[in-house]
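The sequence and the structure come first, and the comments follow.

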Amino acid sequence: MKLLILVLFTSFFHSTLFAQALTIENISTDIVQGLNTRIKGKNKTIIQNIYTQTGNQPLWIGKNNERKTAALIQALNDPLFNYKNKSFDQSSISRLFYMLDNGEVSTAKKATIYARLDLILTSSMVRLVRFIVQSDVDWNLVKEKMFALEESNDIKAKWEMTPKSFPNQNALISAIANDEIYPYLTSLLPMEKRYRKLIELLKNYRVMSKFPKIPYSNKVLKLGDSASRIKEIKKRLQISGDYPKDKKINSTFDKLLEHAVITYQKRYLLKVTGQIDKTTTYYLNQPASSNIQAIITNLDKTKLYPKSFENEYVEVNIPDFNLRYYVNGEMVQKMGLVVGRLDRPTPLFSDKIEYIVLNPTWTIPDNLIKRDLIHVLRENPKYLEENNIHVFRGKKEIQITQEMLDPYEKNTKHVPYRFVQFPGETNALGRVKFMFPNKYAVYLHDTDNKSLLSRRYKVYSSGCMRVEKPFDLLNTLLRHARGNYSDEKIAQILESNKPTTIRLKESIPVHILYFTVYEEDGLAYFKNDIYLYDTIIEESVEGNKKSTFTIPKKRMISVKKQGTKPLAN
């Protein structure tokens, strides 16, 4: 299609456009008429405004406009902008070029056809701009489905998404008038660095050969083994780039294959063994179309964010279970995270870390008192004492009884008592928490249960994010602290066991994101859609909209098996 349009377009412009009794005025008159009769939909006002601002003159036809029209046609076919291969009326554009080039239009109708072509090209430009900025996802429907999860499954799914409005029209008009189509469209790309990497991944997976089917077996293949299916495994891993493409394929499980399997298992967050079991075979047998869809959905998600984040910020990627610290576009720190359970997902939003607390106390939120603590105390009346939790009414510490709590377990009223876990080695927040005050009462913090960080799916909290290396993060943030905090001073504070607040001279942005696909160190990583947000987005896309969302009965892991402690932040 792209080649056909360009050939017709070139031929068209090498003919004499106004050889017949045509004038710009005639075409402009037909453009005005077409704006009222042919243009419909949400882009009508924008298209009308573009022509009003340019005196209703043709914008694309004529020898002087040849270059920018070629640029627009190329952009409509460029996956950098149109990664879903949307039509944007390219067949109509091609047909009109063909009709004009082959003399199929009478002299009396040429002004009308030129006007129609110009309008369609402008409409295609506007539609492409809207797609680059917003995609074709109904983001309001996504929000409605996430909100409905609380009523249907008691899941408070929170994602602070603000879909972008159509960009400044004056900039668009200027780009058309000044033949700056590509620079203008490129300026609109969201999260540009991440976006471009995803586009390259998409290109690679779209041209990959069909993956060979690997037979399932109860026998686990490991280094030194020989089997006929090893050939298929090597072919499969060659296609995805994990196994060297210049190596001969044989049926021996060699060191190269072991390394390739380890790389593949890391990319898909599988248990890293270097061996081929049924789980790894299952993933290897997933078609490339699954990867392509995942990449496209993650490209859609970039539309919710700016072109780039700040010069220095913390990024938390929930499905990846990792925190990354960036300075001037470079990652300077990376560490693992425990995030919210499947039924208590970590909210997605942006904020700023304002201060740090050493030896923190933990005031148990009202929802956890009702959902967990009251039941726990019924099972174990000594739980508060065993976990250094004190109860207050106002400022006065009191002794609580089960009878005092029972009325609130199923009640919407706020529990009138504060449950505070004092500092110590058993404190749920560990020894340090990083505060960005927010309405969800979630934050980054240390943990008293380090073992959870070694799990494959680190979904064990009630929304907060437990940091693998909290003191590494602390040392990085201390560069922005008000006052000097040496290692000795930090050690003294920790030994005192007294809550101590360290305020920052400048707040550090933190972005809590949900990207299941990304490129890092030259490798493509694909993570599980743990909260099913990707699925919700995919079912809210133009042409694939489903009005409601139902959580499948069988999920990645069981919600019931997540809790290792009776009460967790």
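**Notes on a predicted model**

1. The first point concerns a pair of helices. Helix α11 (residues 229-239) and helix α12 (residues 255-267) have axes that come within 11 Å and cross at roughly 55°. The two helices are therefore oblique to each other, and α11 passes α12 in a left-handed crossing. On the α11 side, the contact is made by I230, I233, K234, R236 and L237; on the α12 side, by L257, A260, V261 and Y264. Sorted by class, this contact has seven nonpolar residues, two charged residues and no polar ones.

2. After α5 comes G103, with a positive phi near 65°.

3. The third point concerns backbone angles. Most residues other than glycine have a negative phi. D89, although not a glycine, has a positive phi of about 60°. D89 is placed in the loop between α4 (66-77) and α5, and with a relative accessible area of 28% it is partly exposed.

4. Where is N497 found? N497 lies in the loop between α19 (487-496) and β13 (500-513). N497 is a residue other than glycine, yet its phi is positive, near 65°. The relative accessible area of N497 is 30%, and N497 is partly exposed.

Note on methods. Residues are numbered from 1 along each chain as its sequence is written. This is a predicted model: local features need pLDDT of at least 70, side-chain atom pairs count only at pLDDT 80 or more; totals for chains, interfaces and linings use all residues. Side-chain values use heavy atoms; hydrogens and water are left out. Axes are lines fitted to C-alpha atoms, for helices over the stretch in contact, and angles run from 0 to 180 degrees between N-to-C directions. Helices (H or I, at least four residues) and strands (E, at least two) are DSSP runs, numbered from the N terminus. Angles under 35 degrees count as roughly parallel, over 145 as roughly antiparallel, 65 to 115 as roughly perpendicular and the rest as oblique. A crossing is left-handed if the near helix is turned anticlockwise from the far one by less than a right angle, and right-handed if clockwise. Contact means heavy atoms within 4.5 Å. Ala, Val, Leu, Ile, Met, Phe, Trp, Tyr, Cys and Pro count as nonpolar, Asp, Glu, Lys and Arg as charged, and the others, Gly among them, as polar. Buried means under 20% relative accessible area, exposed over 50%, partly exposed in between (1.4 Å probe, protein chains only).
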